[in-house]
Amino acid sequence: MADWNPALYTRFEDERTRPAAELLARVPLDAPRLACDLGCGPGNSTALIAARFPDAEVLGLDSSPAMLESARARLPDLTFAQADAATWVPERAPDLIFANAVLQWLPDHATLLPRLFGLLAPGGVLAVQMPDNLAEPTHRLMREVAAAGPWAATIGDPAVAGRLGRMLEPAAYYDLLAPLAAAVDVWRTAYHHRMADAAAIVDWVSATGLRPFLDPLEPGEKAGFLAAYTRAIDAAYPPRSDGQRLLAFPRVFIVARKAP
């Protein structure tokens with residue numbers, strides 16, 4: 001996949017940062033020594049961690065050079081490094097591994113989450129937030145439009161592009177971590193974001209979930225796909241009483257604490 005676009009991602013920064021803030025608020029730590037922001041993106045979540053734990057060493061990690069460049073510009077006093085969340089191993093055990101909106105991109109959660117939990121120092125916390133919106137119209141329509149147009153062969157299997165089958169049910173994450181942890185907190189929240197129009201919704205998902213569908217396409221195919229997708233989104237998210245659209249966005253949260 002092509003590198004991430006930090007400017008497009010941060011176009012809705014307030015909405016994207018709110019889940020990170022709510023996840024961090026549930027982290028039961030007072031003074032971690034090392035906090036790792038895994039999949040830090042442009043640094044919006046890293047800034048929250050640094051503000052809550054000013055005495056901690058905070059390390060931001062991401063696989064995207066463009067995101068890391070943006071994060072370093074935002075937070076020049078912090079340390080950022082390139083890393084793949086699927087294989088990352090820290091030099092020393094962190095007290096906090098914070099993974100906001102990153103693990104949904106990776107397969108085999110039954111292995112991945114226990115592995116990350118096992119990297120923690122005694123008493124450490126794994127805090128995870130993942131979009132759980134593959135059944136929402138935004139993502140269902142990605143797959144339908146991908147399968148129906150002249151771009152279908154270029155995109156390939158819409159289920160693969162759409163990451164179907166990667167996320168587990170919230171209770172399954174509890175069952176994975178409860179035998180390993182001193183405490184596990186799992187919850188699911190559906191946000192309803194006010195969006196100006198269908199084009200704004202398309203802009204939102206263009207920075208994230210739509211990327212695997214768009215990246216393989218040539219400019220002409222991309223324009224055709226986006227036009228068809230925007231029409232479908234316009235019908236699926238009608239104007240509300242004030243003319244705005246409401247983008248429903250479910251997310252799963254996990255906070256697991258290791259025994260001291």
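**Cysteines, cores and helix α2**

Biologist: Is Cys36 buried or exposed?

Modeller: In this predicted model, Cys36 is buried, and its relative accessible area is 1%.

Biologist: And how many disulfides are there?

Modeller: The count comes to 0 disulfides. Cys36 takes part in none, and the nearest cysteine sulfur, in Cys40, is 11 Å away.

Biologist: What about Cys40, buried or exposed?

Modeller: Cys40 is buried, with a relative accessible area of 1%.

Biologist: Changing topic: which residues touch the most other members of the largest nonpolar core?

Modeller: They are Leu96, Leu210, Phe225 and Tyr229, in a core of 44 residues. Helix α10, spanning residues 198–206, gives the most to this core, with 6 residues.

Biologist: What does Leu210 touch?

Modeller: Setting aside residues up to four places away in sequence, Leu210 touches Met142, Val202, Val205, Phe225, Leu226 and Tyr229. Two of these partners, Phe225 and Tyr229, are also among the residues that touch the most other core members.

Biologist: Which residues does the second core include?

Modeller: That core is separate and has 30 residues, including Cys36, Val102, Leu126 and Ala256.

Biologist: On to helices. Where is Thr17?

Modeller: Thr17 is in helix α2, which covers residues 13–25. With a relative accessibility of 13%, Thr17 counts as buried, because the cut-off for buried is under 20%.

Biologist: With which side chain does that of Thr17 make a polar contact?

Modeller: The partner is the side chain of Asn44, at 3.0 Å.

Biologist: What is Leu24 in contact with, beyond its neighbours in sequence?

Modeller: Leaving out neighbours within four places, Leu24 is in contact with Leu48, Ile49, Arg52, Phe53 and Phe98.

Biologist: How many residues apart in sequence are Leu24 and Phe98?

Modeller: They are 74 residues apart in sequence, while their C-alpha atoms are 8.2 Å apart in space.

Note on methods
Residues numbered from 1 in each chain as written. Predicted model: local features only at pLDDT ≥ 70, side-chain atom pairs only at ≥ 80, totals over all residues. Heavy atoms only, no water. Core = buried A, V, L, I, M, F, W, Y, C linked by side-chain atoms within 4.5 Å. Buried < 20%, exposed > 50% of the residue type's maximum accessible area, 1.4 Å probe, protein only. Helix = DSSP H or I, 4+ residues; strand = E, 2+ residues; numbered from the N terminus. Contact = heavy atoms within 4.5 Å. Disulfide = S-S within 2.5 Å. Polar contact = N/O pair within 3.5 Å; in protein donor to acceptor, adjacent residues only side chain to side chain.
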